[in-house]
Amino acid sequence: MPSNNDEYKQAYLRERAARIQAEQLIEDKSRVLFALNEELVKKVADFEHQQQLFIQAEKMATLGTLSAGIAHEINNPLAYAMSNLECLQSTRLTVDKLLLLNERFTSGKLSAAQLKDTLLQLQKAQSFTAMSNEIQELVEDSREGLRRINAIVRNLLNFARPKDNEKQLADMTDAVKNAIKLLSNQLSNCEVNCHYQALPMAWCNLAAINQVMVNLLINAKHACDELSDTQAKITVTVAFTEQQICITVSDNGCGMSEHVKAHIFDPFFTTKPVGTGTGMGMTLVYAMVHDHQGTIEIDSQQGLGTQIHCFFPILRHE
């Protein structure tokens, strides 16, 4: 008959074996969970990288759409500046003569009477006062044209350059205004009305908000291209209401059917002809707005235009 000690020993051994088995099971599961977590972290990083590639690809596609208009917008002030420089080149001949006269007079090779006679002859050919005013006007106009080119190129580079996902405390209105400047030539056939309400500073990615606006404005412009006997109108409203920033882009274009509204955020869905759209524009708009914890509302009827509202909560810091 077994003693109490034997029973205690057997119970202890059974409990010890069960504990060791449980500890081994926990250790095995921990290893599996660690491996799965490492794989998940890698997949998240890969996903974020792919998302950035999609964003950059969409930017390049947008730049392709804008290139013709931007080339025209740059060419106008450039041609004007070059024409002004040609005028200045002809004026320089008179200035060279005046400098030569000054050098000959100061070196004693030319008398005061001779200098006066020569200056009077030059004055008859071209008024020095008019020439001075013309030079100043040509220089100022050329500088303004070159400043305009510089601003266009800078806006273009800011849009095209790959951006990181860093957010900062900023005014979203800046991103909206920059998008409208970038698209000024593309929207030249539309009546564009902007209404800006003072906004509080919010934690945001201005580059992302800028691309959201560019995509929405391009879509609004394309919707208005189908108008034949009506002036195309696009309205941009930036407002602050109920602790939210609301950015609205409205147009009086062709509007959307229920089918288009249901699929507008689907990747690669597009209503544009083959080769003219990537189908990723509104998908990226959705992703960027939701990255700011925002929401999108669409109010559209076929033939009556579209309103797209992007709501952003006021984020102070993440």
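**Exercise 1. Decide whether alanine 239 is buried or exposed, and list its surroundings.**

Step 1. The relative accessible area of alanine 239 is 18%. Buried means under 20%, exposed means over 50%, and partly exposed is in between, with a 1.4 Å probe and protein chains only. Alanine 239 is therefore buried.

Step 2. The model is predicted: local features need pLDDT of at least 70, side-chain atom pairs count only at pLDDT 80 or more, and totals for chains, interfaces and linings use all residues. Residues are numbered from 1 along each chain as its sequence is written, and side-chain values use heavy atoms, without hydrogens and water.

Step 3. Alanine 239 sits in strand 4, residues 233-241. Helices (H or I, at least four residues) and strands (E, at least two) are DSSP runs, numbered from the N terminus.

Step 4. With residues up to four places away in sequence set aside, alanine 239 touches Gln197, Leu199, Gln244, Ile245 and Cys246. Contact here means heavy atoms within 4.5 Å.

**Exercise 2. Describe the setting of threonine 306 and find its side-chain polar partner.**

Step 1. Threonine 306 belongs to strand 7, residues 305-313.

Step 2. A relative accessible area of 7% makes threonine 306 buried.

Step 3. The side chains of threonine 306 and serine 300 are joined by a polar contact of 2.7 Å. Such a contact is a pair of N or O atoms within 3.5 Å; within protein, one must be able to donate a hydrogen and the other to accept it, and residues adjacent in sequence count only if both atoms are side-chain atoms.

Step 4. Beyond four places in sequence, the contacts of threonine 306 include Val249, Ser250, Asp251, Gly255, Met256 and Ile298.

**Exercise 3. State how many salt bridges there are, and work through examples.**

Step 1. A salt bridge is a side-chain nitrogen of Lys or Arg within 4 Å of a carboxyl oxygen of Asp or Glu. The count by this rule is 9.

Step 2. Aspartate 96 pairs with arginine 92 at 2.6 Å, N to O. Both lie in helix 1, 4 residues apart, about one turn of the helix. Aspartate 96 is partly exposed at 30%, and arginine 92 is partly exposed at 39%.

Step 3. In the salt bridge of aspartate 28 with arginine 31, the closest N and O atoms are 3.3 Å apart. This pair is also in helix 1, with a spacing of 3 residues, about one turn. Aspartate 28 is partly exposed, at 33%.

Step 4. Glutamate 258 and lysine 261 form a salt bridge with closest N and O atoms 3.1 Å apart. Both are in helix 6, residues 258-263, 3 residues apart. Glutamate 258 is exposed at 59%, whereas lysine 261 is partly exposed at 23%.

Step 5. Shared partners join Glu27, Asp28 and Arg31 into one salt-bridge network.
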